[in-house]
Amino acid sequence: GGLGPVVFRGELELTDEPLDTFVNMEGWKKGNVIVNGFNLGRYWHVGPQKTLYLPGSLLRRGTNTFLVVELHNPFPDRPVVKFVKQAVLGSAIERK
């Protein structure tokens, strides 16, 4: 259900040397993340992983552009992408 697909665009300004990180996609449904023109990967709310690995080499000092192609758009308000230091690896949801 819901509307979609929808492309969300955001920018991240970095003043320090970029480091490896993880993009936390919890709260999103299903889609792709693109960082500075590089297709970082797909996410899906059923898991099992909730994060995408983002190597520091894909980031740069200054402006970094993020695109999230959300296929199901479940958001009535502003969606959020979080950056975390460790991977969030959950368990898969059993389908019946």
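Analyst: Start at Val-23: its bridge partner in E7 is Phe-83. This is a predicted model, in which local features need pLDDT of at least 70 and side-chain atom pairs count only at pLDDT 80 or more, while totals for chains, interfaces and linings use all residues. Residues are numbered from 1 along each chain as its sequence is written, and side-chain values use heavy atoms, with hydrogens and water left out.

User: How many bridges join E2 to E7, and in which sense do they run?

Analyst: Three bridges, and E2 and E7 (residues 82–84) run antiparallel. Another opposite pair there is Asn-24 with Lys-82 in E7. Strands here are DSSP runs (E, at least two residues), numbered from the N terminus, and two strands pair if DSSP finds at least two bridges between them.

User: What pairs with E2 over four bridges?

Analyst: Strand E5 (residues 51–54), also in the antiparallel sense. Phe-22 stands opposite Tyr-53 there.

User: What order do the strands take in the sheet?

Analyst: E5-E2-E7, an open sheet of three strands with antiparallel pairing. E5 and E7 are at the edges with a single partner strand each, so one side of each has no neighbour in the sheet. From one strand to the next the twist averages 35°, taken between axes that are lines fitted to C-alpha atoms, with angles from 0 to 180 degrees between N-to-C directions.

User: Which way do the E2 side chains point, and are they buried or exposed?

Analyst: In E2 (residues 21–24), Thr-21 and Val-23 point one way, Phe-22 and Asn-24 the other, and all are buried. Buried means under 20% relative accessible area, exposed over 50%, and partly exposed in between, with a 1.4 Å probe and protein chains only.

User: Switching to aromatics. How many pairs?

Analyst: Four aromatic pairs. The rule takes rings of Phe, Tyr and Trp (its six-membered ring) with centres within 6.5 Å; planes under 30 degrees apart are stacked, over 60 edge-to-face, the rest tilted. Phe-22 and Tyr-53 form a tilted pair, at 5.6 Å centre to centre and 55° between the planes. That pair links distant parts of the chain, 31 residues apart. Phe-22 has 18% relative accessibility and so counts as buried, whereas Tyr-53 at 43% is partly exposed.

User: And what about Trp-28 and Tyr-43?

Analyst: Their ring centres are 6.2 Å apart with the planes at 70°, so the pair is edge-to-face. Trp-28 is in the loop between E2 and strand E3 (30–35) and Tyr-43 is in strand E4 (residues 38–44), so the pair ties together parts 15 residues apart in sequence. Trp-28 is buried at 4% relative accessibility, as is Tyr-43 at 7%.

User: Which residues do ring pairs link into a cluster?

Analyst: Phe-8, Trp-28 and Tyr-43.

User: Last topic, pockets. What is the volume of the largest pocket?

Analyst: About 300 Å³. A pocket is an open set of points on a 1 Å grid over the protein atoms alone, where a 1.4 Å probe fits, with protein on both sides within 12 Å along at least five of seven lines; lining residues have an atom within 4 Å of a point. The volume is the space filled by probe spheres set on the points, which are joined across faces, edges and corners.

User: Which strand gives the largest share of its lining?

Analyst: E1, with five residues.
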